[in-house]
Amino acid sequence: MPRLPARPFLYAVVDTQLLAGRPLGEAVRALCRGGAGLVQVRTKSGSDAERVRLAREAGSAARESGVPMIVNDRADVARIAGAAGVHVGQEDLAASDARAIVGPNAIVGVSTHDLAQAAAAAAEPVDYVAFGPVFATRTKQNPDPVVGLDGLRTARGAVDRPLVAIGGITRANAAEVAAAGADGVAVISYLLDAPDLEAAARQIVAALRGAS
């Protein structure tokens, strides 16, 4: 039964469109070697068959390191590929419906962007609530408004589930994000823009350990 790692943890989000030709499995292995405690695979294009293939590739690589692998958006793909769980957004399946598909033992997380969404998500059958963007982010064409560290602190007081911060997190600010109440930090650009994925992951993990 997959479990969330101990706080504070690095949640590496691998957008397959940002791999710049690097094989997905190799990228996941590198991030796990760097200390990622949770990995999410985000595939926004391609056929369903391709999504399942990529999810299986990522899941196999993550399991080698004992790290849970989460599929973004698609609960059906997560179940078929044998993933550890699924992460859904505000426009995806409701968390309760995603839970019905992946089962009671899988990890289910949900994206939220304001206090009302975070509180509503915490009332659902979820294992963690993602909240952000904490800082400005380049990974979405139309990002939600930045919540800032004060917004994160407020969400921490309102949410009784593990809280994952996302949006613009780097080595320079990861410690203050954890200090503001995040159990985990979800990182995309800082990792995938780096030439050495393992080294970039280690930098985030080291920053988080300094905050714990």
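Modeller: Let's begin with a term: helices (H or I, at least four residues) and strands (E, at least two) are DSSP runs, numbered from the N terminus. This is a predicted model, so local features need pLDDT of at least 70 and side-chain atom pairs count only at pLDDT 80 or more, while totals for chains, interfaces and linings use all residues. Residues are numbered from 1 along each chain as its sequence is written, and side-chain values use heavy atoms, with hydrogens and water left out.

Colleague: OK. How many helices and strands are there in the protein chain?

Modeller: The protein chain has 9 helices and 8 strands. Its radius of gyration is 15 Å, close to the 17 Å that the globule rule gives for 212 residues, so the chain is as compact as a globular protein of that length. That radius is taken over C-alpha atoms, and the globule rule is 2.2 Å times the number of residues to the power 0.38.

Colleague: And what box do the C-alpha atoms fill?

Modeller: Roughly 40 × 40 × 35 Å, taken along the principal axes.

Colleague: What do the strands close into?

Modeller: A barrel: 8 strands in the order β1-β2-β3-β4-β5-β6-β7-β8, with parallel pairing. On average, neighbouring strands of this sheet are turned by 25° against each other, direction ignored. Strands count as paired if DSSP finds at least two bridges between them. Angles run from 0 to 180 degrees between N-to-C directions, and axes are lines fitted to C-alpha atoms, for helices over the stretch in contact.

Colleague: Pick a pair. How many bridges join β1 and β2?

Modeller: β1 (residues 9-15) and β2 (residues 38-42) pair in the parallel sense over 5 bridges. For instance, alanine 12 has valine 39 in β2 as its bridge partner, and valine 13 has glutamine 40.

Colleague: How many of the residues in β2 are buried?

Modeller: 5 of its 5 residues are buried, where buried means under 20% relative accessible area, exposed over 50%, and partly exposed in between (1.4 Å probe, protein chains only). In a regular strand the side chains alternate between the two faces of the sheet. In β2 both faces are covered, with Leu38, Gln40 and Arg42 on one side and Val39 and Val41 on the other.

Colleague: Which strands does helix α2 lie across?

Modeller: α2 (residues 48-64) lies across β2 and β3 (69-72), at about 160° to β3. Likewise, α4 (residues 95-102) lies across β4 (85-88) and β5, at about 160° to β4.

Colleague: Now side chains. Where is serine 111 found?

Modeller: Serine 111 is in strand β5 (residues 107-112). With a relative accessible area of 16%, serine 111 is buried. Its side chain makes a polar contact with the side chain of histidine 87, at 2.6 Å. A polar contact is a pair of N or O atoms within 3.5 Å; within protein, one must be able to donate a hydrogen and the other to accept it, and residues adjacent in sequence count only if both atoms are side-chain atoms.

Colleague: What else is serine 111 in contact with?

Modeller: Leaving aside neighbours within four places in sequence, His87, Val88, Gly89, Gln90 and Ala130. Contact means heavy atoms within 4.5 Å.

Colleague: Switching topic: how many aromatic pairs does the count come to?

Modeller: The count is 1 aromatic pair. The rings of tyrosine 11 and tyrosine 128 have centres 5.6 Å apart and planes at 85°, so they are edge-to-face. The rule is that rings of Phe, Tyr and Trp (its six-membered ring) pair if their centres lie within 6.5 Å; planes under 30 degrees apart count as stacked, over 60 as edge-to-face and the rest as tilted.

Colleague: Which strands hold those tyrosines?

Modeller: Tyrosine 11 is in β1 and tyrosine 128 is in β6 (residues 128-131), 117 residues apart, so the pair links distant parts of the chain. Tyrosine 11 is buried at 1% relative accessibility, and tyrosine 128 is buried at 0%.

Colleague: Last one: is aspartate 76 buried or partly exposed?

Modeller: Partly exposed, with a relative accessible area of 33%. Aspartate 76 sits in helix α3 (residues 75-81), and its side chain makes a polar contact with that of arginine 74 at 2.9 Å. Over in helix α9 (residues 197-211) there's glutamate 198, whose side chain makes a polar contact with the side chain of arginine 33 at 3.0 Å.
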